[in-house]
Amino acid sequence: MSEPSPGRLLGIAASPGVAVGTAFVVDRRKVAIPRRHIEAREVDAEVARLRGAMSAARAQLSAVRDKLAPDAGEHSLILEAHLLMLDDTLLTEQTERAIRVEKMNAEWALRQTVENIKEVFDRADQDYFRERRSDVDFVGERVLRQLLGASSEIVKPLDLSGPVVLIAHELSPADTAALARADVSAFVTDVGTSTSHTAIMARALSLPAVVGAPDATRRIATGDRLIVDGLRGVVMLQPDDDAVYQAQLRGERYIAFVRALQCNRARPAETLCGHPIRLRANIELPAEAAVAIDHGADGIGLYRTEFLYVDRSEPPSEDEQFETFRRIVETMAPRTVTLRTFDLGGDKFSTAFRFPREMNPALGLRAVRLALREREVFRAQLRAMLRAAAYGPVRVMVPMISAVDELRAVKAELDLARSELEASGKVYADVPLGIMVETPSAVMMADLLAREAAFFSIGTNDLIQYSLAIDRGNEHVAHLARSLDPAILRSIARVVDAARSAGIPCALCGAMAGQLMCLPALVGLGVDELSVEPAAVPEVKAALGRLSRAACQALAAEVLAMPGADEVECHVASLFGPVLRDLLAGGEAGQFSETGSFVLPEYG
Ligand code: PEP
Ligand code: MG
């Protein structure tokens, strides 16, 4: 990567397309606070400053509450709770005491009190109190911002005119889902990688995005004009009219390229020699089912149902989930829909569950581990899935399986869910139960897991994270996370062989399935099914149609013996680069470098 120039930021190309718009900078980070011991003579003034900040925060919250529509329901209740918290003696007295006795400045005293209260709530037995932790945090941050004179609006209404480019340190999956409802044309984050969930969501929404652009929130101000090039991972700051014009042309060329590919959507997904590869779509939002069909997907290979749980205080009910699944199944029928049970934890949290504070959430109470702790919630989801299966072909898939016993425990829950439906007389149909292979232990145990699972789907986003020990959300190590690393290719080979010996299908639904330069190796290794974001279906279909299976098999045998990703990438580029180049370029004139990586022409 070259050095950034003053008017541009370099990040990771997370979602393709080019957008021009006005920046809106969102600051959701905890404010940094000054800490100092004060003199005895400063105490009264410091207490007065605290009280002033509290009444300003109170006035501000009351004003927001008064502006809310009368039917705002839960929202106004939350605001009431926050207002009550501001009057709480625990918060005010403890903070004042810390100022008077421990001689802390007001900001420091307040942060300390907030942390103490959160700890008390943490230890409480009742869920109600545990859930109040985030409320205390929120109220504390509001008062702190008053003390510091910082803007207290964490998210402002998007009242800028024209297309808006959202700039944030990072966006939670819930924030990103909310973008679907706002007039946002692109986004840029300081942190993240192309397989972090924010990036996946951006692609689902077809919004150009650059992530892992260090300093974006520091260097960009609300109101700045920007170009976001999600193909190159470049953000141009305050471009002149000519650069804007060029960017618009690029954006249009990309759209034309995408449209041209889409003309082939009705073609079967097969190699040049006619070997079929099932090509399905990954979705995060129910509305994407129609998009998947529109792009020529043969079913849903992964529906990330956890997005039904984020951004809400209670898990969705069985009926609500059933209705959602049924709509997707009916839209897709007669094509198969693969419903993945919720994969919460890691980087996707829901306030509907109490998550412990973990040092390594990716290695913690995530996915199936959380499901097996929250069995009632899990079974409600399984019942909803079984009921939806009565409306069309459904498969159920469990994320992050790391042991045979775990799969057996899930099977027992599924049996129980079935008998509960039986007892209540609800209509349902049986479902094949498969697993995601995304932990190194599942790879090692694939032969035994294959005897008990109806299908496999390799989740390379996590398999790479866990096998190569690279945090998938950390942009500092993102360059090390290479799909064509022989360690990953060998893992895939092992899993495919285990599936084949047991006679079950083996899919791959990580981002690797949509990386065109990985397709020859995946076809050669014998993967039966690929599942990619809906927007990527046409280009993957086009790429598959240019590959000969025999050439792919020869490649697979060679790359399994190579020592590193560099050698594999170079070899793949030399053999398959010429036939895939135009697809990689997204309508531009790209080239392969000597090291086998594909580069688009310099910007500007
Ligand atoms: C994966 O890990 O590759 C995968 C498809 O699942 P997710 O990205 O939702 O973790
Ligand atoms: Mg995963």
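Two strands are said to pair if DSSP finds at least two bridges between them, and the first of these close-up views, all taken from a predicted model, rests on that meaning.

View 1. Strand 7 (residues 225–229) pairs with strand 8 in the antiparallel sense over 4 bridges, and the two form a hairpin that has 4 residues between its strands. Within the turn of this hairpin, Gly233 has a positive phi of about 80°. Strand 8 also pairs in the antiparallel sense with strand 1 (residues 8–10), here over 3 bridges.

**View 2. The magnesium ion (ligand 2) and its two coordinating residues.** The ion is coordinated by Glu438 through OE and by Asp462 through OD, at 2.0 to 2.1 Å. Glu438 belongs to the loop between strand 13 (433–437) and helix 16 (440–444), whereas Asp462 belongs to helix 18, so the pair ties together parts that are 24 residues apart in sequence. Glu438 counts as buried because its relative accessibility is 1%, and Asp462, with a relative accessible area of 2%, is buried as well.

**View 3. The largest cavity and its lining.** A search of the whole structure finds 2 cavities of 30 Å³ or more, and the largest holds about 70 Å³ of space. Its lining is made up of 15 residues, and those that lie nearest its centre are Arg304, Arg340, Glu438, Asn461 and Asp462. Strand 10 (300–304) and helix 18 (460–468) each supply at least two residues of this lining. By residue type, the lining divides into 3 nonpolar, 4 polar and 8 charged residues.

**View 4. The second largest cavity.** This cavity has a volume of about 30 Å³, and the residues that line it are Ile200, Arg203, Asn282, Arg304, Asn461, Cys509, Gly510, Ala511 and Glu533. Its lining divides into 3 nonpolar, 3 polar and 3 charged residues.

**View 5. Ser185 in strand 5 and the residues around it.** Ser185 has its place in strand 5 (residues 184–189), and with a relative accessible area of 18% this residue is buried, given that buried means under 20%. Ser185 and Val18 are 167 residues apart in sequence, yet their C-alpha atoms are 9.4 Å apart in space. When residues up to four places away in sequence are not counted, Ser185 touches Ala19, Val20, Pro163, Val164, Val165, Leu207 and Pro208.

**View 6. Phe353 in the loop between strand 11 and helix 13.** The loop that holds Phe353 runs between strand 11 (337–340) and helix 13 (368–373), and Phe353 counts as buried at 6% relative accessibility. The C-alpha atoms of Phe353 and Leu370 are separated by 9.1 Å, the two residues being 17 residues apart along the chain. Leaving aside neighbours within four places in sequence, Phe353 is in contact with Tyr309, Phe342, Leu344, Leu370, Glu374 and Val377.

Technical notes: Residues are numbered from 1 along each chain as its sequence is written. Chains are lettered from A and ligands numbered from 1 in the order in which they are written. This is a predicted model: local features need pLDDT of at least 70, side-chain atom pairs count only at pLDDT 80 or more; totals for chains, interfaces and linings use all residues. Side-chain values use heavy atoms; hydrogens and water are left out. On a 1 Å grid over the protein atoms alone, a cavity is a set of points where a 1.4 Å probe fits but cannot get out, and a pocket is an open set with protein on both sides within 12 Å along at least five of seven lines; lining residues have an atom within 4 Å of a point. Grid points are joined across faces, edges and corners, and a volume is the space filled by probe spheres set on the points. Ala, Val, Leu, Ile, Met, Phe, Trp, Tyr, Cys and Pro count as nonpolar, Asp, Glu, Lys and Arg as charged, and the others, Gly among them, as polar. Donors are N, O and S atoms within 2.8 Å of the metal (3.2 Å for Na, K and Ca); water is not among the atoms, so sites may look incomplete. Buried means under 20% relative accessible area, exposed over 50%, partly exposed in between (1.4 Å probe, protein chains only). Contact means heavy atoms within 4.5 Å.
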